[in-house]
Structures are given as C-alpha cells and as structure tokens.
Amino acid sequence: MRREIPMAITTITGVIMIVVFFVPMWGHWSDIFLKWFTVIAGFALVLGAGSLLLVNLNKISRKASGWGYNVILILGLFVMAGLGIFQGIKPGTPYDFIFRYIFTPLSATMFSLLAFYIASAAFRAFKAKSPEAALLLITAFVVMIGRVPIGEVMWNWLPWAKALPLTTIIEDWVMGCFNTAGQRAIMLGASIGIISTSLKILLGIERSYLGGGE
Amino acid sequence: MVNKRKYRFLLTTMIVLAISILCAGKAFAGRNWSEQAFDKQTGITVIGAENKFARVFGISILNKKVLWQVGMPQSRGIDIHIEDEKVYLVSPEDVRFQKTMRAVNIATGETYWANRLKKNKRRTKVYYDDNTLYFATEEKYRDIIKVKLYAFDKETGKTRWTPYWIRGTFKEMLRTETGDFILIVLASQKTEGGKDLKHTVKSIKIDKNTGLEVWERPIEGSFVSFPKENSGVIYFITQKIIDNVQKMTFQAINAEDGSVLSTHEIPEGEKPLGDAIFYQGKPIITMESGKVFYIDGTKTDISEMVLWEKNLDSLPVFGPKIIENLVLVATMKTNYLISIDEIVEWEGLLSQLKEHNTPATSRIWELLDENTRSVIDGITSPEELNENSRLTIIEGLNGIISNKEFYARESFKEVKLANEVNTLLNRFSKLDENKIQRLNRCLMESILVREISQNRYYIHALDASTGKSLWEKPYMVEGTLELPVFIEGDRLIVGSRSKKEEGEGKNKTTKQMFRIVALDPANAREMWKQEQEGKLENPLSIKDQMLYVMLYRKVEENDVVKPAHLLIAINIGDGTERWTYATKTVINTKLYVDEDSVDFGTKAGFATSVGLVDGKNIYKFFAGINNEMDSSIVTVQNLLGFATQDGKYFILTKQGKKVKAFNLKPWFALWKLPIFIGCLLLSSALSWYIYHARKGKKMFIRRIAGLTAIDEAVGRATEMGKPVLYITGLADVDDIQTLASLSIMGHIAQKTAEYDTPIIVPCCRSVVMSTAQEVVKESYLKAGRPDTYRKENIHYLTDDQFGYVAGVDGIMVREKPAANFYLGKFYAESLILAETGHSTGAIQIAGTAEAAQLPFFVAACDYTLIGEELFAASAYLSKDPQQIGSLKGQDIAKAIMLAVIIIGCILLTFDIDWMKLLLSTQ
C-alpha cells in the first residue's frame, strides 16, 4: 500500500489535469489542485525550517569548521521571522530595512559574479582546438562584435556593408537560422521527453521518484 | 490473447479520438465576451465569446433560454448588428475555415446567408444601409496587403458589385452626405526599377451604387489629423520632413470631384492639437502654441480663409469642444511669473516676508530689491496693502523668479521639494530661461505653500462666431484638470485632482482628492463645488440631472489596506450629495445606470445594484470567487442579464434573485485539437513500444556519455574519500525536470550506498527535500546499507535563488566534493554553480532541458545531458525493458514530427498553408 496509494493519487491527479486542459468546462479544477499544492508546500516549509535548524545546530554543537556562519544563519532566521511576525513587513519596518539594504545587495552581489564566470567559461570554451571549436570561436566573435556599437562602425567601413548589414548576418542568419534551429531541436526533443516521462509516471512505469523499486 | 490486447488498444484509441471529434462538433464558446447587442423588442441578446473558434449566442432573457449559437472565427471585436429580426455578424479575421460573415434569424439562429472572406486580416469599418451592408477590410495574400470594399445585399448576402480594391493599408474611411465613400489608404506601388515599394497616401472616392472609383487624389506626407468631411469639404492636415524640418500642410478637398480647394502651409513650430471641431460646417483648429483658428477651407486666399484667430497665451491640453456656439478650450499656463490674482493669501505672504525667520524665506528677502523691501517694511498691517504696494511685491517676487541664483542648497534644506524641482535641479546647468523660471516658481510655491496658487490649468470660453472671450477672465482650475469639461443642462462641469497632506512628522499622509466644480457657462461663476477623497477612474455617468461618480481609493480594514471604490450621486442642479455607496472591493465594470438603479460588477465576483433614489444596496449577487462580470448588463422588464469571465451567462431579477445561469464554456477546447491528436499519436507510439518491450523484444539504446560517466564519477569520489554533491535544480516537485532528476538521483544514491560514499543533497524547495530524503533512503535500503544513510545530508537551504547559490558554493568550497551532479531545472545560477565546482577540481555532470542554460553547462562541466537525455536517463540507468520501450516510442514520435516539419516546409514554400492552419492552435 505504501506504493499503491501514492501511485493512485499521481495517476488520478495527472489524468484529471490532462482532461481539464482539454475541457474548459472543468477548468477550475486545475486552480483547485494548484491551491492544494500551495497548502502542502506551506506545511513542507516547516519541514524545511526544521531541517535547516537541525543541520546547523548540529554543526554548532560539533564546532565544525566555519560554525560561526551557522550561528549567523540561525540568528538571521530567527531575527527575520521575529521581525516579520511582530512588526510586520510593510515599508519602513525593520524587516523591510534589512530586506532592502542587506538582503537585496547581497543577492545582487551573487548575481554579479556571473559576469566574471561568463568570461572565464568563455575563455575555456573558445579555444580553437578543433575545426568545430574554431567555427564556434568565429561565430561567437561575429555575434559579440555585432552586439557592440564599435562592431557596427567597423563593419560599415567594409565595401559590402550596405548590401549586407551586420545586423542581417547576426539577427537573420546566425541567431535566426542556426541558433533558433538548434534551440528548437532541443526543445522539441525535451518536449517529447516530458510527455514520455509524464506518461510513464501516470502509468506507474516510472516509480523511482517514489524511492524506486517494486 | 496477444491479438485481443492489440485490438483492445486500437479500439480504445479510436473511441477516444471519436469522442474528441464529437465533443469538438458540439463545442461551446470560450471565455471573455465581446460586447453584446440587445434587441429590446424581443428581449433577445446576442453575445459573442472572444476566443479561438469562438461562437456567438442568441439568448432570450425573457424566456431564459439559449436560443441558438453559431460558429464565428475569433469574435474579438466582432461586429454585431440587429435589424428587422435579423442579426448581422461580421468577424474581424479569417481564421481557418469558418464563415466570416453571417445573417441569422434572431429568434431561431437560422442562417439566411454566410460568406467567407478569405485572407481578411483586419476588419476596418462596416456600414449598414437600407438594403446593403458595406464592409471595408484589409486582406493579406503572401506579403501583399490590399484594402477592399465590399457591398453585400442584406437579403441574399451576394455582392452587389465587384469589390473595389487597392494595394496598400487602410487609414480611414469617410462617408459623404450622398452616401458615397472616401477611402484613405497608404497605397503601395512598385518603383520604376521594380524593386522597392513606393508608399503614397491616397484619397479615393467610391460610388456606393457601382463600387467604381469616382476620383483619386494622391496626398503628400503623412496625416497629423485624420480627414473630416463636412458640408461637402474634406479637411485634413499632413506633415512631411524636408531636410530635417517638419512641414505641415492644411488641405481642403472638394468631396464631389476631388479638386483641391485650398492648400496652406502651417508656419514652422505650429502643430494642431487633436482633431478639428466644426461650427456651421467650418473647422475650428487649436494649435499646440495656444492659437485657435476658425477657417473657411474653401477660400484660397489666406486673409479670407481665417475667419477669426484667438491667442490663448497658454498651452492647450484638451482639444476644443463646441456646445451650441460656445467653444471650450482647456489650457495649461506656461508663463511662470506670478500674476496678482495668483496670490491666495496676502496677509500670510506679508507676514512671511516681513518676518523671514526661516532659511528659505530669508533667501527670498535677501534677493528682493531695495524698493520692495522698503514697501514691505512700510506696511504695518494688511489693511494698508493697496494696489500699488501689491504690484510692487509681485514685481519683486517675479524678479526672484527670473533670478538664476535663487536656489541655494543651504537655504532649502528644510523645505520639502517636489519631484519636479529635483528633476530640474539635476539638469540645472542645461536649463534655459523658461526652465529657470519654472524651477524658481516651483521653489517659491514650495516655500509659500498657502500663499501662492499652485494651479496651472485654465478653461477658456470663446464665442464660436467671433472668437471673442465670453468670460471676463479664464476660469482657473484648482489642482490638475482631470476629466474632459462638459455641459449638462445649464451647468459647466469641471473635474480636477490634487493632493492633500494631513498630519505632522511621521504621521503625515498624502491623500488624493477629486474635485468637481459646476460653473455658470455664461460667466464662469462657481455654482457649487464638491470634494472627495479618491481618484476618478471611469468616466462620469449622468442621468436625469444626476451625476454618478466612481472614485478609487484605499481603505483599511482589520489592519489590511486594500483598494476599493466609492460611488457618489450628486445633483447637478445644486451640487448636493444625494448619497454615497462605499464598496469594499474594486468595481471593474462601467456603471450601468438604469431607470431605478445603478448596476456594476466587482473584481471579487459580485454583481451589485444600488438604488438611484437612496443609494441603498438592492442586491449583491455572488457569481463566484474572482468571477468578474465580463460584459455589459442588459435589462428587460424585471430581468437583467450579463456574462462573467468564467464563461457563464446569468439572468437575474432586478431584486438580485438568480433566475437562470448558463455555462457557455466549451466541453472541448476545439482549438487544442491539434495538441490532443499529437498527444494521442505520441501516447499510442509509446504504449505500442512499451507493450512490445514487455513482450521481451530487444531494443537498442545508444550510449549516452554523461550517464556512462556516472560510475566513473562516483568511483573517483570513493577513491578520493570525498563526498558526492547532487543538485536537483531550482524548481519545485511539480516540475517534470525535478521529477526526472529525482529518478536519476535514486540510481546515483544506490551507487554511493554501494561504494559507501556520502551523498550531499542541498535542496532549494522543502517539498523536494522531503521527496529526496525518501528517494535516497529507499536507495540505501535497496543497496542493503540502511545504516549508512544520513538524513541530515539531504537538507533544505533556502527558496531564494542566489541565497541557494551562496549556500551550495559554500558547501563546494568547504567539503570539496569529488563529483558534482547538476540535474534538473536551472536558471542564471547554472554557471555560478558549475564554475565554482570546476574551480574545486570536481568531476561535473550536468543535465537540463533549459536551452538557455545548456551552453553554460557545456562550457563548465565534463559531461552534459542535453534536453531529452535528461528524461531518458532513468530508462538508461534502470535497463528496465518497459522504460527502454518508451525511448523507442519517443524516437518514433520524433520521426513523425520530422516528417511533419519537412512536409510543412515544402508546402509553405509553394504557398500551400492548409497544414499550417490545421496545426495552428492560435
């Protein structure tokens, strides 16, 4: 029964969602299921917070390396929750202040790392070790040059620039043909994969998300 | 047995297909309704659903019945016209294979005639004559756009004459007094070289009886104001740019023969504001400079042409409005110098200047000239102020307004400056003389808040026949002019908004106020004034000398601030407030003012009715959670009807009792039929191969390098004595990529259990964490090592994207896992994770179906599962024949898709688009 009941729930819910997609008359059922999911996820958040506490308190008690960070994490968890519960989250509250002036800049800092990582990844990826890599390098160079103003200025010096604008090459040809074709091929394959996986889950063939096994 | 199963499978497939087609045949309409046309005589309303493959319904409110329904292609903007028990329906677009025009019986829905106008892309205008329906449309064939004018016999639906057509796009169509048409098109013609298209605006007259062109007049430039026909003359203004200079031309064309009656170049810098209005057949045009002209376009001589000219000396904000012989123009003042009538409180002004005890007022005092200072010092009480002393003070203040040095940071520290001031200060070095005056005027208003008027808007009233001002001086509007000025009965109604500050310090709040003033149109004398908190959103409704105003505002209830509306009924005669009705939610429809009630719908799903006399609630009908009213309300006898957003049509009594509700939503979304058939074919292929795999048929599965490397990665971690890190992505468990990832994780966890290597799974969603714990636990159990399972290794981090990235990066740097797996749904964090992992020297295997993230993984990881490989991984790793069978099914589906793409490409190359139409879900 540990397997059968979750599988039955999955199959019934899945079939209802498919039917609802094609039958607008029962369209509100999808909203109801989504609300159920939100409720379940709300309860699961307690589990998440519990897990977070358990792992971090454990590290603190063991004085594992960097346990000071775990103390800060737990402090942050309780301070933010306390401020939010007792003083609200409206603009002007301490919660809002911490969110705006500590959390948001920290998030932005993490995101900005991406710029440097793109540079280092591009440096490795664009080494012309083989004919394919060389082709990739040339294409990337053309696209990059075409996306900056200086590229267009340089291109316009060429005699054929008027007949063949740089934007035509990049937008219409490289991005419009090769890139779009490649992306669509991946998306088509993935879509079929999604349908296939969904069907396997509905039919109970794929059970590993339940812990696998018989 | 095998054959029986085979037949059962085929039979089921066929039944499902047949049911879907049958359902499709009986499809109802979709959601969102087009405006309904109502026939009061029969009590039948005709309403169209705005959706793909939409339908139009005939509903009898009196008999409480859906009488009929007909299919129309996409009824968004459908033209519904009821005449002599017939309903004419004209669709804006030709979608797939449906009829685009119909004439049906209003009571039975019986179709008298139906036509399909192929390729029509945009309905433009429909005119109904006694026996002819004229229909102008744009048709698109390949890349060629044609404007066509059809004339259909209303009885038979047959065309009366060969449709007139011209290549180009539709601009406007006018109808002359004789009933002929003037068609304005942006016509396209090939140039002499035959390569490029040349665009010219053309004005063409078409005979209503023959459809033949009477005359054609090319027009140079593009339209600034669209042509208006009046008394046989077509007036319009065009513009063209010559040597970067904008040239505008006013033209008048004789509607009879197309001859140009007059052409005049508009002086440089002048631009008309809005469309012209007409008085005795001649246009009155307002220019942006504030000049108003009354023109006789038939005169060629400019001195004879301008009948009168008036300079309002300010910037018009609304085009002119004409009521009988009264021309109303609203303007905004552009002269920033203070005039004598703009001083609201002389006493306060005098005391502020005399005392100058704040840094800002002392700055004013500092810059005042000696003469003004001595005049102010000489006045001991406000009674001593006379005309001369007032003028001297005004002159002194205006001297400061023109002074570039007025703003000094130190002096204005304590003054709350408006946003406009800050914007101007940021561009201080680039400000011209006018802008400096504007800045200084704003600064002055910020200091002398109560003393100087902050109003900018004026209403001017001119005599239409002479252009002379009818009032002694223009009416100064308090605050910002809000609604178009109009006259009702013997009152000129002017609406404006302003902000009102209440409280002090931290408790200071700013309220949005709406003000209505009624003026005497003869002399602009204020008859009454009403001020309420809120913001006007909908146009005002008027009935029987009563004004119904709907104001938007925020109300606080149980500590929660939420938006709501306030409904106010004001007597236009004396301005008394008859009643107010406060809603606790937002009204999202127009106000329907009936004989004895005001009806409206709310966002929360209530249909509400308020009594006209007492403003008391007659009824509040609940249509469903957030089920907004989505059509106009029609009333007949004691009943009313309206449609709601979720596809229902309600008939209520005027007391709010539900009489009937029809669910008009379709049983089957016909526009999703291609998806349905596609899914059915794919499912059939998958089921077929799963069935064969079950029977033991051997199937080949190609080697996927990324999956083969899993053993190598786990083995390496074991050798190094380091843990394995597994990331399931950012999505929750409702995403199929997360489910695929959890499946793969089960296999990897089994391997780590066998090799006795720890696996760390930091999760971004708590539901994923719970599921992942179960999956890993089961895998350890299956490997026979439940004792080595560590629940705390599968833990939750945070839901926040970059917080999660920071957490995972920390684990990578501290724990130095030897193998990292990134499988699931990823966004911008993909590269940050993969690059950090790369820097720690771990072997990395990634997989996602997010095409945008794949390049990052390819660049930074050792192996990448691309798109479908992520979903095939579970089958590959489990070697379960049923799952491998599904892979074969996927391949067949891909082959079908490939064939469809190739055939579609070939057909479209030869301009055969039926396949595109068939597969389209639009």
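A salt bridge is taken here as a side-chain nitrogen of Lys or Arg lying within 4 Å of a carboxyl oxygen of Asp or Glu. In this predicted model, the side chains of A:Arg124 and B:Glu835 form such a pair, with 2.4 Å from N to O, and the count of salt bridges between chain A and chain B is one. Polar contacts between the two chains, counted where both residues have pLDDT 80 or more, come to 11 residue pairs.

Several helices of chain A, namely helix 1 (4–22), helix 2 (28–62), helix 4 (94–125) and helix 7 (166–203), each supply at least two residues of the side that touches chain B, and helix 7 gives the most, with 15 residues. The make-up of that side of chain A by residue class is as follows.

| Class | Residues on the side of chain A that touches chain B |
|---|---|
| Nonpolar | 33 residues |
| Polar | 16 residues |

Taken as a whole, the interface brings 55 residues of chain A into contact with 69 residues of chain B, and the two chains bury about 5600 Å² between them, 70% of it on carbon and sulfur atoms. Within chain A, the residues that lose the most area to chain B are A:Phe22, A:Met25 and A:Ile192, which together account for 13% of what that side buries.

One site within chain B can also be described. B:Ala37 belongs to strand 1 (residues 37–39) of chain B, and B:Ala37 counts as buried because its relative accessibility is 14%, below the 20% cut-off. Leaving aside neighbours within four places in sequence, B:Ala37 is in contact with B:Ile44, B:Thr45, B:Val46, B:Ile80 and B:Ile82, while the C-alpha atoms of B:Ala37 and B:Ile47, 10 residues apart along the chain, are separated by 6.6 Å.

Terms used:
Residues numbered from 1 in each chain as written. Chains lettered and ligands numbered in written order. Heavy atoms only, no water. Contact = heavy atoms within 4.5 Å. Buried area = accessible area lost by both parts, 1.4 Å probe. Polar contact = N/O pair within 3.5 Å; in protein donor to acceptor, adjacent residues only side chain to side chain. Helix = DSSP H or I, 4+ residues; strand = E, 2+ residues; numbered from the N terminus. Nonpolar A, V, L, I, M, F, W, Y, C, P; charged D, E, K, R; others polar. Buried < 20%, exposed > 50% of the residue type's maximum accessible area, 1.4 Å probe, protein only.
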